[in-house]
Amino acid sequence: SAYTGGFAISAMQFDGGAAGPTAVYGDQLPANSKIYTFDGSSYSISTYGTAFVPGQGLVTKWNAEPPLAAGSAYWVSTPSSVEAIVSGEVNTADSVTNAISAGFSLCSYPYPVERTVGELELSPTAGDKIYLWDGSGYTIISYGSVFVPGQGLVTQWNNSSAVVGVGQGFWYSTASPQTWVVNKPF
C-alpha cells in the first residue's frame, strides 16, 4: 500500500487470523504512524513509536495490537509518505460471508482485487451509502432512485462505476443489518 502522509482507509484482504499491526506492518511505517480500528461506536488507536522495554532499552514498536482481521478496514495515519507491503494468504474459498451492522461500518472487499461499486455484490436497500476516501475528502455513492433513459426511475447505485482499489477500505452506511456474500472473482 502506498501512503502519502495523512489519513487513508486500508483494507485487510488476506487471511492470517486477526493479526495485529506488528504482524501486518512490522517496522515498515514511520515513527508516529497510527492505526485506528472502529468497533461501530468508537476507535481503538495503536501508535508506532518509542517505548522502553526492560532489558532492551528504547525500541520503536506498536503500543497496541488491535486485530486486523481479513475483511476488515481501518484508518492508517502516517506523518510522511511511505510504501508498505501488506501480504498474506489469499482467501481461496468460493465465497466469503460478512455481516454489515446497521449504522456506519468500515468494510473491505474480502479478496485482493480491484472492484467497481457495482461489482461488490452488496445487497443494498434504498438509502444505503458508500463513502470512498481519497486522502482529502469523500466520494459518496448512494443507493436509490436514479433516472435511466428508456427505463424511467430505477433503484440502483448512483455511481456503480466508482472503483474500490486493492487494499482500499470504505465506509458503508445502512439503516438495517445485512449479510454480505461475495463470490470469488477469480
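This is a predicted model: local features need pLDDT of at least 70, side-chain atom pairs count only at pLDDT 80 or more; totals for chains, interfaces and linings use all residues.
Local features need pLDDT of at least 70, side-chain atom pairs count only at pLDDT 80 or more, and totals for chains, interfaces and linings use all residues. Residues are numbered from 1 along each chain as its sequence is written, and side-chain values use heavy atoms, with hydrogens and water left out.

**View 1. An open sheet of five strands.** The strand order is S9-S15-S11-S12-S13, with antiparallel pairing. Strands are DSSP runs (E, at least two residues), numbered from the N terminus; two of them pair if DSSP finds at least two bridges between them. S9 (103-107) and S13 (152-157) are the edge strands, each pairing on one side only. On average, neighbouring strands are turned by 30° against each other, direction ignored. The angles, from 0 to 180 degrees, are taken between N-to-C directions of lines fitted to C-alpha atoms. S9 and S15 (residues 170-174) run antiparallel and are joined by five bridges. Phenylalanine 104 has serine 173 in S15 as its bridge partner.

**View 2. The hairpin of S4 and S5.** Six bridges join S4 (residues 43-53) to S5 (residues 57-62), and the two run antiparallel. Valine 59 in S5 stands opposite alanine 51. Three residues lie between the strands, and glycine 55 takes a positive phi near 85°.

**View 3. Serine 46 in strand S4.** A polar atom of the serine 46 side chain lies 2.7 Å from the backbone oxygen of alanine 64. Contacts (heavy atoms within 4.5 Å) of serine 46 include Pro21, Ile35, Trp62 and Pro66, not counting residues up to four places away in sequence.

Terms used
Helices (H or I, at least four residues) and strands (E, at least two) are DSSP runs, numbered from the N terminus. A polar contact is a pair of N or O atoms within 3.5 Å; within protein, one must be able to donate a hydrogen and the other to accept it, and residues adjacent in sequence count only if both atoms are side-chain atoms.
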